[in-house]
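User: I would like to check some of the labels on this model. Please set each value against its definition.

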Amino acid sequence: MDKKKVLIVGFGRMGLSHAALVSGILGPENVDFHVCDPGFFARLVARALLKEVAFVSLKALKDSRDLLHSFDCIPLTAPPFLRSEFLDMLSGFAGRVFVEKPVFCRLAAGQMSGYVLQHAPLNPLLGESLRKLQVRRVTARLLTNASFESITKGWRS
């Protein structure tokens, strides 16, 4: 397998999560990670947790279309209020862009969003099985230890 060149834009908690998922799916030896995040702490964490990582500045991405098009895919995990700006900058990118939730802007062809588990391999199998049945309704419940009740401001509210 050829190494996939992945650019993670924003390396906070979700950037780290997507890096782990990509490594788990493709195998860490098959991924060439690049990170675009201006934060010192984010870069420090990326350097500590990713075996090999290269850093790309926002200016370099803006100035070089060749650099941008050298990536196979781009998980966009920067904070929601920055995503429209990044998507504008990534317009014309030939590869896949995954936009972390919540998504407050229109997505172009080749751009996708959603919860990580939305794209789990079990989902198409389950969907195919359900299509064969006469199902009128499916009720599901997610149990989590996370509570957002106390958050009254910001995008998480």
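User: Where is Leu133 found?

Analyst: Leu133 lies in the segment after α6 (122–131); helices here are DSSP runs of H or I with at least four residues, strands are E runs of at least two, and both are numbered from the N terminus. The model is predicted, so local features need pLDDT of at least 70, side-chain atom pairs count only at pLDDT 80 or more, and totals for chains, interfaces and linings use all residues. Residues are numbered from 1 along each chain as its sequence is written, and side-chain values use heavy atoms, with hydrogens and water left out.

User: Why does Leu133 count as exposed?

Analyst: Its relative accessibility is 53%, and exposed means over 50%, buried under 20%, partly exposed in between (1.4 Å probe, protein chains only). Leu133 therefore counts as exposed.

User: What makes strand β2 largely enclosed?

Analyst: In β2 (residues 31–36), 5 of the 6 residues are buried, so the rest of the structure largely encloses this strand.

User: How do you know that β1 and β2 pair?

Analyst: Pairing requires at least two DSSP bridges between two strands. Strand β1 (residues 4–9) runs parallel to β2 and is joined to it by 6 bridges, with Leu7 partnered by His34 of β2.

User: What joins β2 to β3?

Analyst: Parallel strand β3 (residues 53–55) is joined to β2 by 3 bridges; Val35 has Phe55 in β3 as its bridge partner.
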